Amino acid sequence: MTDIQELLLSRIRDVADYPEPGVMFKDITPLLADPAAFTALTDTLAGIATATGATKIVGLEARGFILGAPVAVRAGLGFIPVRKAGKLPGATLRQAYDLEYGSAEIEVHAEDLTSGDRVLIVDDVLATGGTAEAAIHLIQRAGAEVAGLAVLMELGFLGARTRLEPTLAGAPLEVLLTV
């Protein structure tokens, strides 16, 4: 394990039985509260953005906003929020996706992404991959190229990597911690 991985992991708190019995929630708020750890995370993700040639950062609601915005600033790139449906004013592109029990939709402002953009998607946790997959489709529908997906943590036992690799079509999936 690298020094950055040890630092990040040491600042993530396990919360048993949240939000329901049997679930071990990975709480990143202690990491965000530690300026050294948050800076190390931001710098690492900004390095990934630079390495992928990204021109914009997309953050997925809601914790992807917390991580993606400072990454965009650090890398000198624009930040684009991908929100739950109905939260953005104006013309949007919308993408539906399936959840464990039901479905949901995300959207982005139609004019925020163009055919010349290479977009790095940033989020905190990769679980089943449904939201990330929907974001990839949304970015592609906007005419932009997906430069990659970068996440703080992957819940490896849920198999999202297998689900996403065909959709990423060779773009990298960068994971700092697998739990």
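This is a predicted model: local features need pLDDT of at least 70, side-chain atom pairs count only at pLDDT 80 or more; totals for chains, interfaces and linings use all residues.
Biologist: Why are α5 and α6 called roughly parallel to each other?

Modeller: The axes of helix α5 (residues 130–141) and helix α6 (residues 160–168) cross at roughly 5 degrees and come within 10 Å. That angle is under 35 degrees, so α5 and α6 are roughly parallel.

Biologist: Which residues make the contact between α5 and α6?

Modeller: From α5 come Gly-130, Ala-132, Glu-133, Ile-136, His-137 and Gln-140, and from α6 come Arg-163, Leu-164, Thr-167 and Leu-168. Sorted by class, four are nonpolar, four polar and two charged.

Biologist: What residues make the contact of α1 with α3?

Modeller: Ile-4, Leu-7 and Leu-8 of α1 meet Ala-36, Ala-37, Ala-40, Leu-41 and Thr-44 of α3. In this contact, seven residues are nonpolar, one is polar and none is charged.

Biologist: How many aromatic pairs does a search of the whole structure find?

Modeller: The search finds two aromatic pairs. One of them joins Tyr-18 and Phe-25, whose ring centres lie 5.2 Å apart.

Biologist: Why is the pair of Tyr-18 and Phe-25 called edge-to-face?

Modeller: Ring centres must lie within 6.5 Å to pair, and planes over 60 degrees apart count as edge-to-face. The planes of Tyr-18 and Phe-25 stand at 85 degrees, so the pair is edge-to-face.

Biologist: How do you know that Tyr-18 counts as partly exposed?

Modeller: Partly exposed lies between buried, under 20% relative accessible area, and exposed, over 50%. Tyr-18 has 45% relative accessibility and so counts as partly exposed. Phe-25, at 24%, also counts as partly exposed.

Biologist: What makes Phe-65 and Phe-79 an edge-to-face pair?

Modeller: Phe-65 and Phe-79 are 6.2 Å apart centre to centre, with 85 degrees between their planes, and the pair is edge-to-face. Phe-65 lies in helix α4 (residues 63–75) and Phe-79 in strand β4 (residues 78–84), so the pair ties together parts 14 residues apart in sequence. Phe-65 counts as partly exposed at 22% relative accessibility, and Phe-79 counts as partly exposed at 26%.

How values were computed: Residues are numbered from 1 along each chain as its sequence is written. Side-chain values use heavy atoms; hydrogens and water are left out. Contact means heavy atoms within 4.5 Å. Helices (H or I, at least four residues) and strands (E, at least two) are DSSP runs, numbered from the N terminus. Ala, Val, Leu, Ile, Met, Phe, Trp, Tyr, Cys and Pro count as nonpolar, Asp, Glu, Lys and Arg as charged, and the others, Gly among them, as polar. Rings of Phe, Tyr and Trp (its six-membered ring) pair if their centres lie within 6.5 Å; planes under 30 degrees apart count as stacked, over 60 as edge-to-face and the rest as tilted. Buried means under 20% relative accessible area, exposed over 50%, partly exposed in between (1.4 Å probe, protein chains only). Axes are lines fitted to C-alpha atoms, for helices over the stretch in contact, and angles run from 0 to 180 degrees between N-to-C directions. Angles under 35 degrees count as roughly parallel, over 145 as roughly antiparallel, 65 to 115 as roughly perpendicular and the rest as oblique.
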